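Hi,

Here is the structure I promised to pass on.

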Amino acid sequence: MSQMVAAVGAGIALAGIHIYGAVKGHYRKDETAMQLGLIDARVLEDRAYWENWFLDHPNVPRHIPQRRPLRLLSLDGGGVRGIVSLIILQQIMQEVASGARPCEYFDLIGGTSTGGLIAIMLGRLRMSIQECIECYTELSKDVFYGDWELWSSANWNVLSGHKFSGEKLENAVKTVVEKYRGATGTHMHDDPVNRGGRPPCRTFVVAIPGCNVPRPPKLFRTYDNRFQRHSADRCQIWEAARATSCAPSFFPDIQVEGVYYSDGGLGYNNPSHLVLQEARSLWGQSHPINCLLSLGTGSVESFMHRMEYAPDKLGFIKVFGDMAIGCERVHHELAQDYFLEGTYWRFNPKMDEKIGLDEWRRIDELKGIAWQYLVENDSDVRAFAGATTRERGRQ
């Protein structure tokens, strides 16, 4: 009898999920036209603004003047495994600019999903790597602890179609923003007046317009891109962080200025090509590059091995498999780019352990994997440092 009751209950729950999904899908489908209108209106507004701006400033170049070769940083998505990127970056910075913060060294930082969170911390909030490691560790625990382990919360989350609470992620990011900028409502736009004389480290995070909107990825920028005629985003930092972090089935998507956004990892989990594209549009195609540093959160092999144990009905295998394969595809394309020879570097450990995006309890283990990778690839780190230092010496 108890088995029959359990089966009936499971059937009702699954039916509830399907009904919820159908209603939600129909509702979102009706909003597609409105969202398209909002996106296109923003683009047209920006274009008109910058055309008029250049008419009023005829002698101002569309590209940003820059004396030295560019230093670019790209950060993959990967949930709690983002700590791997931070440990690797910490060692690299120790080699190339000991004592400097990434915002003082790099000209442009771009990230997706967890890489987007890290990009915001390092670039927009101007944190040191050690501060970022500490905050990221605490944030991971706050966001991923509890909901899936408690039946009452898990039941609600299953019915909603998401494993974790978007509100918890929002509150965790707000706490970090308040600590380092003084106000939770701080905008993504990095106003030069508020930089206190510090040189800008332009930062963006990647998100995807939801509801199957046929538009390019959204880059939430801290800066104006005059060449592409895109203005810096005036949304709040936590909104951009939520938009880039809405991993499918993990967090609900978020509406920013009327448009739904989800995790930029769906097609852009390795944003290196977007970082390069953005840099060339900001500083010009011919401007020399000192380095394009791309940091991953784990190899395809480990990612796909993990997915073998995921339930097909949740779509994890296809979604996250595509994300992992996409990371490597972007890497191989850039590695074969003749114009990037000697300037493009990627560090991405091969992990045998099956560590998922939400396994915050294994962060110490992830740190150990990162340190072991650095020991085994010490020559590559020193080669990177040597190449970038030689480039600086010619300035």
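Let's start with the second largest pocket, which holds about 800 Å³ of space. A pocket here is an open set of points on a 1 Å grid over the protein atoms alone, with protein on both sides within 12 Å along at least five of seven lines, and lining residues have an atom within 4 Å of a point. Grid points are joined across faces, edges and corners, and a volume is the space filled by probe spheres set on the points. The lining has 32 residues, with R42, V43, K218, R221 and H230 closest to the centre of this pocket. Two or more lining residues come from each of α1 (2-56), β4 (218-221), β6 (259-263) and α10 (272-283), and α1 gives the most, with 10. Helices (H or I, at least four residues) and strands (E, at least two) are DSSP runs, numbered from the N terminus.

By class, that lining has 15 nonpolar, four polar and 13 charged residues. Nonpolar covers Ala, Val, Leu, Ile, Met, Phe, Trp, Tyr, Cys and Pro, charged covers Asp, Glu, Lys and Arg, and the others, Gly among them, are polar.

A caveat before going on: this is a predicted model, where local features need pLDDT of at least 70 and side-chain atom pairs count only at pLDDT 80 or more, while totals for chains, interfaces and linings use all residues. Residues are numbered from 1 along each chain as its sequence is written, and side-chain values use heavy atoms, with hydrogens and water left out.

The largest cavity is about 220 Å³. Its lining has 21 residues, and G79, S113, T114, F144 and F251 lie nearest the centre. By class they split into 13 nonpolar, seven polar and one charged. The largest share of this lining, five residues, comes from α5.

Helix α5 (residues 129-144) deserves a look too. Its buried residues include I129, C132, Y136 and F144, where buried means under 20% relative accessible area (1.4 Å probe, protein chains only). The buried residues of α5 pack against α2 (82-96), α3 (102-105), α4 (114-124), α7 (166-181) and α13 (363-376).

For the whole protein chain, I get 14 helices and eight strands, with buried residues making up 53% of the 395.

Cheers

Key: 1 Å grid on protein atoms, 1.4 Å probe; cavity = no way out; pocket = protein on both sides within 12 Å on 5 of 7 lines; lining within 4 Å. Buried < 20%, exposed > 50% of the residue type's maximum accessible area, 1.4 Å probe, protein only. Contact = heavy atoms within 4.5 Å.
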